[in-house]
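Me: I am new to this structure and would like to learn how to read it. Could we go through it one feature at a time?

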Amino acid sequence: MPGTDHRVTSIAQLEALYGLPAGASVFKEIDHVNAEYRAFIEAAPFFALASNGPEGIDCSPRGDDPGFVRVADQKTLMIPDRRGNNRIDTLRNIVRDPRVSLLFLIPGIGETIRVIGRASISTDPALTESFVFAGKTPRTVIIVAVESVYFQCSKAIVRSKLWDPARLVDRKSLPSNGTIIAAITKGEHGGEAFDREYPERIKATIY
């Protein structure tokens with residue numbers, strides 16, 4: 001394997017290579033959601049949720065109208081678990097290891113907001129019903145006890161040109177969902193029928 005003779009295997013090696021963080025990279029991290037960070041979280045229609053379990057690490061996309069992540073107080077976030085594919089990889093992890101990390105993205109904004117904390121899962125009827133949307137009540141609400149909040153600077157978004165309309169990729173240039181599934185199952189599932197029915201299936205199961 002290329003690079004095996006030059007692996008970094010200790011914190012001391014890392015610090016020798018990169019030095020220590022200083023300035024804004026240190027003091028922008030706080031242990032609660034202040035008013036400024038709350039504004040970003042409530043403006044975000046999307047975040048990625050990383051969790052860890054015995055089978056390994058999972059990272060799950062989460063999205064809805066801006067404000068779908070509720071800032072209950074400076075130390076608590078509440079997230080409705082909207083309808084998905086029932087793999088519940090994130091939830092399986094949380095019941096065994098509560099440590100989570102959330103990375104919020106806002107269209108057109110370079111900075112991202114990272115929250116680290118410990119999550120629990122609630123079925124409290126009053127709580128789940130407070131997240132009713134389009135007539136649908138989530139089965140559970142993920143409650144995150146906040147331990148750390150900070151913003152990542154815009155370098156990654158700037159380099160990737162993520163929000164540049166000229167960089168949008170034509171979906172047809174990549175394998176379709178049906179094509180991917182057909183390749184994995186050797187044609188037993190997926191295919192053109194899957195792709196043809198997919199738009200209506202999304203409409204029927206979005207919430």
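Me: In what sense do strand 1 and strand 5 pair, and over how many bridges?

Reply: Strands are DSSP runs of E, at least two residues long, and helices are runs of H or I, at least four long, numbered from the N terminus. Two strands pair if DSSP finds at least two bridges between them. Here strand 1 (residues 46-53) and strand 5 (residues 99-105) are paired in the antiparallel sense over six bridges. Within that pairing, Leu-49 has Leu-102 of strand 5 as its bridge partner. The model is predicted: local features need pLDDT of at least 70 and side-chain atom pairs 80 or more, while totals for chains, interfaces and linings use all residues. Residues are numbered from 1 along each chain as its sequence is written, and side-chain values use heavy atoms, with hydrogens and water left out.

Me: What is the order of the strands in the sheet?

Reply: The order is 2-1-5-6-7-4-3, an open sheet of seven strands with antiparallel pairing. Strand 2 and strand 3 are the edge strands, each pairing on one side only.

Me: Which strands does helix 3 lie across?

Reply: Contact means heavy atoms within 4.5 Å. Angles run from 0 to 180 degrees between N-to-C directions, with axes fitted to C-alpha atoms, for helices over the stretch in contact. Helix 3 (residues 35-43) lies across strands 3, 4, 5, 6 and 7, at about 75° to strand 6. Helix 4 (residues 89-96) also packs on the sheet, and its direction makes about 125° with that of strand 2.

Me: Is Asp-64 buried or exposed?

Reply: Buried means under 20% relative accessible area, exposed over 50%, and partly exposed in between, with a 1.4 Å probe and protein chains only. Asp-64 has 11% relative accessibility, so it counts as buried. Its place is the loop between strand 2 (56-63) and strand 3 (70-73). Setting aside residues up to four places away in sequence, Asp-64 touches Pro-45, Arg-82, Phe-133 and Tyr-207.

Me: How many residues of helix 1 are buried?

Reply: Of the eight residues of helix 1 (residues 11-18), zero are buried, so helix 1 lies largely in the open. Gly-19 follows helix 1 and has a positive phi, near 80°.
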